Amino acid sequence: MTLLEVSFSGAVFIIAVVMIRAIAINSLPKKTFLVLWEIVLLRLIIPFAIPSAFSIYTLINHNISTPAFLEAETNNVTSAVSREYFVMIQGMEQPAANIPFVSVWFVVWCIGMILFAAFFTVSYIRCRIEFGAALPVNNAYVEQWIKERPLKRRISIKQSDRISTPLTYGILHPVILMPKQTDWTDIEQLRYIFSHEYVHIYRFDTIAKLIGTYALCVHWFNPFVWAMYILFNRDIELACDESVIRQFGDKSKSAYSLMLISMEAKKSGLSPLCNHFSKNAIEERITAIMNTKRMTIITLLSACLIILITVSLFATSATASTDSKTDDTLAVSDQKSNTSDIVADKKSPMTIIHESADILQYEDGAPYIHDILTNNTDSTIVETQYCMLAYSETGSPLKLYWNFLDSSTESSFENIVRTKTNILSNQTEEYRGGWSLYDGEIMEGFPKVGDGEANQVAYSLLCLNQVVFEDGTVWNNPDYENWFKEYAGKEIDIDKLRNYYPYEYKIESD
């Protein structure tokens, strides 16, 4: 899966969790949402694909094994956004051998990731430097409390005049940092604070925050990931609050809430990888505390059921085909790469048809290719590679800048494209949208090159070079080289261009 595919599927997952959270935040154990957020994080940082018949993508459309936004309709957006969108996809799907320079989009993503990573790193280092000046606390209750918590990791409790609310930092040697103005005689308040911070330490919340920050840096361009990051940190605090209330009982709700209110007025500055006692929306925390209920079998089973259903729907990918009976293990060990081997496994000749490749225009007159492909075989196509050529209305070959937003590319007569859209057996796939074309002369606002003539693209010829089926078989077009020699960079008769489609690819046994 590509980064955009992972980010989009993660966004869908995030939306689902946000909706569940809005409905059931005060009904389910807060740990439920932490589990869901942790699975979202796995989805965002590990590009895995687990096909499932219960996936939301399978239920919506069996033809979409990757997020549907890659084939979104362009009629509902402006032409400028459409062109940028399809050029971005084009840059992702081009074979590596045909991209001499790094994509501009990859460079932008890298710059953004580095900047955000640097921001969080510098913030954390700055805080750790400030915390380094903290002093140990010499207090009888503090020493007793530490002795009663025999963790393998040694816990330290320190105080600092650089903060105004309690927080926890450190993984191997966790430190509970208290404000210097702390009232060390208020034992009840100290019990609540230490218990809250102890839950952070016991659950390794610092590591969870670190993973969340990493996911945010990778997907910095996705606003839904920012929402996830905020809510994930908030739910960490809610889960700790719930744990403290369950530990001290319902009678502690009022006193604990009042302490939160007093802490809210003393918030400290930014320290993104530390666990703050009072960092999130106080209204939500107090409401959640007051609605904390005893854990029952029903609530536990409800939480497990919701997690199972949500993960099944949104953490999995679409199945390639509901009719597929292929053994995956056999497919990997017995791949074919020629026509005769494919036909031997199929009872009837295979036919794939390029129905058309029309030249359409955006609102500003910029041309793009809109092609339609029909799969008349008995197996699902999972990947295609084909060549694209463009011609003027007089049949002259056009040397285009196929990636018109990438100034590092060179103009060429042909453009090799690789797509991974699934096309089921006996199904026609219409590529909604297309490839933005730029010859360096017709578009206003771009550098003018060449002879200065406005060469409007009028025809486009497409020819399949390779087709990969869901069972691992690969068909290489035996006529591709002859086709390329005949059409690429050559003057073509207008009638031949007009009558090129439908272009049929036949695969027959010898």
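1. In this note, helices and strands are DSSP runs, numbered from the N terminus, and the loop between S8 and S9, where Ser-392 is found, is named in that way. The model discussed here is predicted.

2. The side chain of Ser-392 is joined to that of Thr-394 by a polar contact of 3.0 Å.

3. The largest nonpolar core has 38 residues. Those that touch the most other members are Ile-352, Leu-389, Tyr-391, Leu-461, Leu-464, Trp-483 and Tyr-487. Among the elements that give two or more residues to this core are strand S6 (350-361), strand S8 (381-391), strand S12 (459-469) and helix H15 (480-487). Helix H16 (494-498) and strand S14 (503-507) are also among the contributors. A second, separate core has 34 residues, including Leu-44, Leu-216, Phe-232 and Ala-288.

4. Ile-352 can be followed in detail. Leaving aside residues up to four places away in sequence, which residues does Ile-352 touch? The list includes Leu-373, Thr-374 and Asn-375, as well as Ile-381, Leu-464, Val-467 and Phe-469. Tyr-503, Glu-504 and Tyr-505 are also among the residues touched by Ile-352.

5. The surface has a nonpolar patch too. Phe-106, Val-107, Ile-111 and Leu-115 form this patch, and together they have about 380 Å² of accessible area. Leu-115 has its place in helix H5 (residues 104-131). Leu-115 counts as exposed because its relative accessibility is 57%.

6. Next come pairs that are separated in sequence. With a relative accessible area of 48%, Tyr-214 is partly exposed. Gln-189 belongs to helix H7 (residues 187-202). Between Gln-189 and Met-259 there are 70 residues of separation in sequence and 7.3 Å in space, C-alpha to C-alpha. Gln-189 touches both Met-259 and Met-263, when residues up to four places away in sequence are not counted.

7. Three places in the backbone deserve a check. Most residues other than glycine have a negative phi, and most peptide bonds are trans. Where is the cis peptide bond? The bond joins Tyr-501 and Pro-502, with omega about 0°. Pro-502 is found in the loop between H16 and S14. Phe-204, in the loop between H7 and H8, has a positive phi, near 55°. Phe-204 counts as partly exposed, with 38% relative accessibility. Asn-426 also has a positive phi, near 60°, and lies in the loop between S9 and strand S10 (427-430). Asn-426 counts as exposed because its relative accessibility is 61%.

8. The structure holds 14 salt bridges. Side chains of opposite charge can pair when their charged atoms come close. One of the salt bridges is formed by Asp-235 and Arg-21, whose closest N and O atoms are 2.8 Å apart. This pair links distant parts of the chain, with Asp-235 in helix H9 (residues 223-248) and Arg-21 in helix H1 (residues 3-24), 214 residues apart. Are these two residues buried or exposed? Both Asp-235 and Arg-21 are buried. They also take part in a network of salt bridges with Arg-234 and Glu-284.

9. In another salt bridge, the side chains of Lys-253 and Asp-250 meet at 3.9 Å, N to O. Lys-253 counts as buried, at 12% relative accessibility, whereas Asp-250 is exposed, with a relative accessible area of 52%.

10. The last pair is Lys-496 and Glu-486, which form a salt bridge with their closest N and O atoms 2.5 Å apart. Lys-496 is in helix H16 and Glu-486 in helix H15, 10 residues apart. Lys-496 is partly exposed, with a relative accessible area of 36%, and Glu-486 is partly exposed as well, at 38%.

How values were computed
Residues are numbered from 1 along each chain as its sequence is written. This is a predicted model: local features need pLDDT of at least 70, side-chain atom pairs count only at pLDDT 80 or more; totals for chains, interfaces and linings use all residues. Side-chain values use heavy atoms; hydrogens and water are left out. A nonpolar core is a set of buried Ala, Val, Leu, Ile, Met, Phe, Trp, Tyr and Cys residues joined through side-chain atoms within 4.5 Å. Buried means under 20% relative accessible area, exposed over 50%, partly exposed in between (1.4 Å probe, protein chains only). Helices (H or I, at least four residues) and strands (E, at least two) are DSSP runs, numbered from the N terminus. Contact means heavy atoms within 4.5 Å. Patches are made of residues with over 30% relative accessible area and no salt bridge: like charges are joined within 9 Å, nonpolar side chains (Val, Leu, Ile, Met, Phe, Trp, Tyr) within 5 Å. Accessible areas come from the Shrake-Rupley method with a 1.4 Å probe; for residues, only the protein chains shown count as cover. A salt bridge is a side-chain nitrogen of Lys or Arg within 4 Å of a carboxyl oxygen of Asp or Glu. A polar contact is a pair of N or O atoms within 3.5 Å; within protein, one must be able to donate a hydrogen and the other to accept it, and residues adjacent in sequence count only if both atoms are side-chain atoms.
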